[in-house]
Amino acid sequence: MGAEEHAILCGDVEATAACAAAFARQLEPGQIIFLEGPLGAGKTTFVRAMARALGADDRDVVSPTYAMVQEVPLAPGVLVHLDLYRLEHPEDAFALGLEALPEGAIVAIEWPERGGSSLGAPDWRVQIRPVGEARQIVIEPVSG
Ligand SMILES: Nc1ncnc2c1ncn2[C@@H]1O[C@H](COP(=O)(O)OP(=O)(O)OP(=O)(O)O)[C@@H](O)[C@H]1O
Ligand SMILES: [Mg+2]
C-alpha cells in the first residue's frame with residue numbers, strides 16, 4: 001500500500017483550503033508541521049487556510065520567503081510560519097529562534113529540508129504534489 005492510498009486529490013484552491021482547515025482543527029498546541037512540495041505547490045495556500053480555520057485573520061498570512069519567520073496571532077495562541085527556502089546553511093536555522101517558541105505555538109515550516117537535522121522531527125508531514133491544476137495531498141503523522 002503506497003502513500004497514494006492516503007492521498008487527497010484537491011481540484012482547486014477551495015478544496016485545498018478545506019483540506020487544510022480540517023487538518024488544522026485536529027492539531028494540538030505545540031505541534032510542528034513540515035510542508036513539502038515544489039515551488040508553487042500550494043504550501044503557503046495550505047498554511048493560510050490553516051490559520052483561517054484556527055481563528056486568524058488570513059490576511060496576516062503572507063509568503064514569509066524574505067523574512068523566513070512570521071508569527072500569526074490566533075484566537076487564542078499563535079501560529080509560527082516559516083519558509084526556509086532562502087536559508088543558506090542548515091545551521092542558520094538555530095538563529096531563527098526555534099528553541100524559544102511561544103508556549104503552545106503551532107509551527108508550520110515550508111522547505112524544512114533546507115533546515116537539515118537542526119530542525120528535529122515534526123509531528124506531521126504534509127506533502128503537496130501538483131497534478132495539472134489539482135494537488136495531491138498526503139498528510140501523515142510522524143511517530144517518535
Ligand atoms: N488545487 C490547488 N491547491 C492549491 N493551490 C492551487 C491549486 N490550484 C492552483 N493553485 C495555485 O497554486 C499557487 C500555490 O502558491 P503557494 O504560494 O501556495 O505555493 P508554495 O508551495 O507556498 O510555493 P513556494 O515554494 O514558492 O513558497 C497559487 O497561485 C494557487 O492559486
Ligand atoms: Mg510558500
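Reader: How many disulfides does the structure hold?
Author: Happy to start there, with a note on the source: this is a predicted model, in which local features need pLDDT of at least 70, side-chain atom pairs count only at pLDDT 80 or more, and totals for chains, interfaces and linings use all residues. Residues are numbered from 1 along each chain as its sequence is written, chains are lettered from A and ligands numbered from 1 in the order in which they are written, and side-chain values use heavy atoms, with hydrogens and water left out. A disulfide is counted when a pair of cysteine sulfur atoms lies within 2.5 Å. By that cut-off, the number of disulfides in the structure is 0.

Reader: How far from C10 is the nearest cysteine sulfur?
Author: C10 is buried (under 20% relative accessible area, with exposed being over 50% and partly exposed in between, using a 1.4 Å probe and protein chains only), at a relative accessible area of 1%. C10 takes part in no disulfide, and its nearest cysteine sulfur belongs to C19, at 4.5 Å.

Reader: Is H81 buried or exposed?
Author: H81 sits in strand β4, residues 78–83; strands are DSSP runs of E with at least two residues and helices are runs of H or I with at least four, numbered from the N terminus. With a relative accessible area of 0%, H81 is buried.

Reader: Which residues coordinate the magnesium ion?
Author: Donors here are N, O and S atoms within 2.8 Å of the metal (3.2 Å for Na, K and Ca), and sites may look incomplete since water is not among the atoms. At 2.1 Å, the coordinating atoms are OG1 of T44 and OE of E110.

Reader: Nice, and how far apart in the chain are T44 and E110?
Author: T44 belongs to helix α2 (residues 43–53) and E110 to strand β5 (residues 106–110). The pair links distant parts of the chain, with a separation of 66 residues.

Reader: Which element gives the largest share of the shell around ligand 1?
Author: A polar side-chain atom of T45 lies 2.6 Å from an oxygen atom of ligand 1. The elements that give two or more residues to this shell are α1 (13–25) and α2. The largest share, 3 residues, comes from α2.

How values were computed. A polar contact is a pair of N or O atoms within 3.5 Å; within protein, one must be able to donate a hydrogen and the other to accept it, and residues adjacent in sequence count only if both atoms are side-chain atoms.
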